[in-house]
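Subject: Handing over a structure

Hello,

Please have a look at it first and then read on.

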Number of protein chains: 12
Amino acid sequence: MSDHVYKKTEIVGSSKISIEDAIQQAIARADESLKHVEWFEVVETRGHVVDGKVGHYQVTLKIGFRLND
Amino acid sequence: MSDHVYKKTEIVGSSKISIEDAIQQAIARADESLKHVEWFEVVETRGHVVDGKVGHYQVTLKIGFRLND
Amino acid sequence: MSDHVYKKTEIVGSSKISIEDAIQQAIARADESLKHVEWFEVVETRGHVVDGKVGHYQVTLKIGFRLND
Amino acid sequence: MSDHVYKKTEIVGSSKISIEDAIQQAIARADESLKHVEWFEVVETRGHVVDGKVGHYQVTLKIGFRLND
Amino acid sequence: MSDHVYKKTEIVGSSKISIEDAIQQAIARADESLKHVEWFEVVETRGHVVDGKVGHYQVTLKIGFRLND
Amino acid sequence: MSDHVYKKTEIVGSSKISIEDAIQQAIARADESLKHVEWFEVVETRGHVVDGKVGHYQVTLKIGFRLND
Amino acid sequence: MSDHVYKKTEIVGSSKISIEDAIQQAIARADESLKHVEWFEVVETRGHVVDGKVGHYQVTLKIGFRLND
Amino acid sequence: MSDHVYKKTEIVGSSKISIEDAIQQAIARADESLKHVEWFEVVETRGHVVDGKVGHYQVTLKIGFRLND
Amino acid sequence: MSDHVYKKTEIVGSSKISIEDAIQQAIARADESLKHVEWFEVVETRGHVVDGKVGHYQVTLKIGFRLND
Amino acid sequence: MSDHVYKKTEIVGSSKISIEDAIQQAIARADESLKHVEWFEVVETRGHVVDGKVGHYQVTLKIGFRLND
Amino acid sequence: MSDHVYKKTEIVGSSKISIEDAIQQAIARADESLKHVEWFEVVETRGHVVDGKVGHYQVTLKIGFRLND
Amino acid sequence: MSDHVYKKTEIVGSSKISIEDAIQQAIARADESLKHVEWFEVVETRGHVVDGKVGHYQVTLKIGFRLND
C-alpha cells in the first residue's frame, strides 16, 4: 500500500470442497469485474448441511482493490 | 445458497412509521438497481428525534444478492 | 432473578409479518417444550427477500429459562 | 450536527406493545428532563416472558442531545 | 428458511487433519442426535500443539436445525 | 481436548456471596444432568441490587462437555 | 422490569481487596445520589500494580436505575 | 486511580479542524460542568461531508471523572 | 437524514502526513464518482512503517451517500 | 501515565482458589522478568472442571509495563 | 492447563498453499524460540491477491506457551 | 507480506501534541529494539486530562515485524 486510495467490497464465495476453494471462487469472480484486486480479509465462515455433511462452505470476504488515479 | 457467488452491499433505509418499513424502503430501493436480491442482515438501528418523538427510524442493512454467472 | 440457576437456549423465529411476530413465534415454540421461560435477548435480525420485498423476518433470540431445583 | 458539543445518555424503554413503542417511551421520558434531544441509537433489545408470550419489550437506547453553548 | 422455528446449538469438532475435517466431525456428531440440521456458522478456530506441530484443530460451530412443527 | 466432539451450553449461576460461588452453582447444576463437563468460559457478569448492595451476582457461563462417542 | 423507564450510568469502583468489593464500592456510591438502583452489568475489570502485586482492582459497571414516573 | 469512585459520561465533540480539536472541545465542555475530570477514551470517530470535504469531525469520548467522597 | 435511502461504501485513504489527510484523500476520491456524499465513519486506522517512522497512515472509512430518488 | 512508552503482554494466571488469586499469580510471574509493571486488564476468565467443581480458574490479563527510556 | 502461568504471543504465518499450512508455519517458527508451546487461537485470516488468485494466506494466531516455574 | 512469519507486539505511545505523535513515539521506541518493523494497527486511543485539557494522548498500537528466517 502506498499513496493510493482503495475500496473494499464484500463478497461471499461458496464451494463444496473447502474453505480455501470458496475464497478462490470469490476472488476469481471479483477479478472479472474489478481491476487491481490486492488483498482479502475473511469476515465470516459458514455453510449449509445436506444429509449430515457439509453441502457448501460459504465464506464472506472483504476484497480490497486500488482505485484508478 | 448454492454454488454461486454473492455480494453484500450496505444500505440505510429510513421511515417515519416503523423499523419494518425502513427495512422495506431499503430493500425496495436496492431492488431497483440490483438483480437477484436474496437476503438482508440488520447492522444498526437508530433514528433522529423531533419534538420529543421519533422523527425517522434509520436502519442499516447488509443486502445480499447473487452475482450473474 | 433470585437464587436459581438458569439456562439460555438460542432459537430463531421467523414471520412474514413483523420482527415482533418472529419473536413471538420463537417464544411460543420454546414454551411448548420448556418450563419457566423468563426472558429473551435479541441476538440477530435478518431475513430473506422475495420479489423485492421482505419474505420472512428471521430473528435469533437467546431465551432464558429457570432450571428445576 | 454542526459545531456543538453533544452528550449521550443510556435509557431503557419498555412496552407491552412493540419495539417501536418501547423506543418512544424512552424518548418521551428523556425529553421530559433534557433539552435538544436529537437522535437515538438502539444498543440492545430484550424482554421478559409471561405465560409463553412477550410480557414487555425492553429496548436500551443511547440518546444524543446537544449541550447548551 | 421459511415459516419454521429453528434452534442453534454450539458444538466443538476436533481433527488432526484440517479445519474442514473438524467441521465435518462436529456436523456428523450433531446429525446423530438431531433431525433437520440445516446450516452451521464457525464461531472460533483454535487447537493445541504437540512437538511444535498442530496436534488437533478445534473448531467451534453454531449448528442450526429446524424444530418439528 | 483430543479427538472427541464437545458441546457448549450456556448456564447462568447466581449467588449472594461472590462471583466464584455463582460460577460454582452453575457448574454444580450442570453436572447434575450432564456427563463429562470439562471447562467453562465466563460470558457475562451482572447482578441485581437490593437496598444499595449487591443482592445476587449473576454469572453467565458457557459450559463445555464431551459428547459420548 | 415492568412498564417503567430506566437509565444506565457507568461507574468505576476500586478496591484493594477484591473484584466484589470494587463492585460494592461503586454501587454504594451510586446509591447515595440515585434512587431505585436495580441492577448492574460488569463492563471492564482492570487494576494497577504496585510492587509486583495488585494495588487496586478497578471495575467498570453499568448501573441501572428506574426513573421516577 | 486510587481508592475513589469514578463516573464515565459519553460526550461528542465536533470540530472543523482536526480530531484532536474535537477531543479538546468535548473535554473543555465537560470541564465546565464537572469537577475532577481525569481521563478520556475515544469510542467513535466520524463526521459529515460538505462539498467533497470534511465538514466536521465528530468524536465520541467516554470522559472519566472522580466523584466527590 | 430524512426520508431518503442511503448507501455506505468502504474506502481506504492513505497519507504520509496525518490521519486527517488520509480521511480527506478517501473522501475526495469518493466524491469524484459519487453524488450526495454526506457522512463518514472511521472503521480502522493502521499504516506501514519505513525506517522506524510512519510511512503512510491508512484509514478505512465507511462513506455514506444518498441515493437518487 | 506520562510521556513514556509502554508495552502490553498477555499472561494467563491460574489458581484453584479464586479469580483474584489467578490474577495475582499472573502478575507475580510477570514481575519476575519485567521491570515497571504498572497495570493489568482482564481479557478472559475461564477454567476447567473436575468432578463437578472448578478445578482451576484461568484468567487472561494484558499486563502493561513501562519501557526503559 | 494446571497450576502454571502461561503467556500468549501473536504470530502471523503465511503460506501459498492453505490456511492450515499458514498455521503450521507460524507454530513451527514460534517453536524455534519458545519452549512449552501448548495451544493456538486463530485471530484473523486474510491474504493478498496476485493475478486474480490467492497469493498468500496470512493467518494471525495467538500462541500460548507455559512459562518456566 | 510474502512467505515470511511475522510477530505483533502491543505498544502504547504517549504525546502531549497529537495522536500522530503518540504513534510515532511508539514506533520509534519499538524500532530501537526490533528489526524489520513493517506495519502498525491502532487498537485504542485514550488520554488523561489536566486542568480541563488533554494532558497526553495515549495510543495503543499493534506493531508488526518480520521474524528472521
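The side chains of K:Arg46 and A:Glu41 meet in a salt bridge, with 3.9 Å from N to O (a salt bridge is a side-chain nitrogen of Lys or Arg within 4 Å of a carboxyl oxygen of Asp or Glu). Across the interface of chain A and chain K, the rule finds one salt bridge. Here 13 residues of chain A are in contact with 13 residues of chain K, where contact means heavy atoms within 4.5 Å. The area buried between chain A and chain K is about 1100 Å², and carbon and sulfur atoms give 59% of that. Buried area is the accessible area (1.4 Å probe) that two parts lose on being put together, summed over both. In chain A, the residues that lose the most area to chain K are A:Glu20, A:Gln24 and A:Phe40, together 46% of what that side buries.

Before you go further, please keep in mind that this is a predicted model, in which local features need pLDDT of at least 70, side-chain atom pairs count only at pLDDT 80 or more, and totals for chains, interfaces and linings use all residues. Residues are numbered from 1 along each chain as its sequence is written, chains are lettered from A and ligands numbered from 1 in the order in which they are written, and side-chain values use heavy atoms, with hydrogens and water left out.

Next, chain H and its surroundings. Between chain H and chain L, 13 residues of chain H are in contact with 13 residues of chain L. About 1100 Å² is buried between chain H and chain L, with 59% from carbon and sulfur atoms. H:Glu20, H:Gln24 and H:Phe40 supply 47% of the area that chain H buries against chain L, more than any other three residues. The count between chain H and chain L is one salt bridge: H:Glu41 forms a salt bridge with L:Arg46, and the closest N and O atoms are 3.9 Å apart.

How can chain H be laid on chain L? A turn of 120° and a shift of 0.0 Å along the axis do it, with an RMSD of 0.0 Å; that is the relation of a three-fold axis. Copies are superposed by least squares on the C-alpha atoms of residues with pLDDT of at least 70 in both. The copies use different surfaces, as 15% of the contact residues of chain H recur in chain L. Of the residues of chain H, H:Ile19 comes closest to the rotation axis, at 5.0 Å (C-alpha).

(Helices, H or I with at least four residues, and strands, E with at least two, are DSSP runs numbered from the N terminus; two strands pair if DSSP finds at least two bridges between them.) Within chain H, strand β2 (residues 37-50) and strand β3 (residues 53-66) pair in the antiparallel sense over twelve bridges. H:Trp39 has H:Gly64 as its bridge partner in β3(H). β2(H) and β3(H) form a hairpin with two residues between them, and H:Asp51 in the turn has a positive phi of about 55°.

β2(H) also reaches other chains. Three bridges join β2(H) to strand β2 (residues 37-50) of chain L, and the two run antiparallel; in β2(L), the bridge partner of H:Trp39 is L:His48. β2(H) pairs with strand β2 (residues 37-50) of chain I in the antiparallel sense over three bridges, and H:His48 stands opposite I:Trp39 in β2(I). By contrast, no contact joins chain H and chain J, whose closest C-alpha atoms lie 11 Å apart.

Finally, the aromatic rings. The structure holds 24 aromatic pairs over all chains. Rings of Phe, Tyr and Trp (its six-membered ring) pair if their centres lie within 6.5 Å; planes under 30 degrees apart count as stacked, over 60 as edge-to-face and the rest as tilted. One of the pairs is A:Tyr6 and A:Trp39, edge-to-face at 5.7 Å centre to centre and 65° between the planes. A:Tyr6 lies in strand β1 (residues 6-15) of chain A and A:Trp39 in strand β2 (residues 37-50) of chain A, so the pair ties together parts that are 33 residues apart in sequence.

Best wishes
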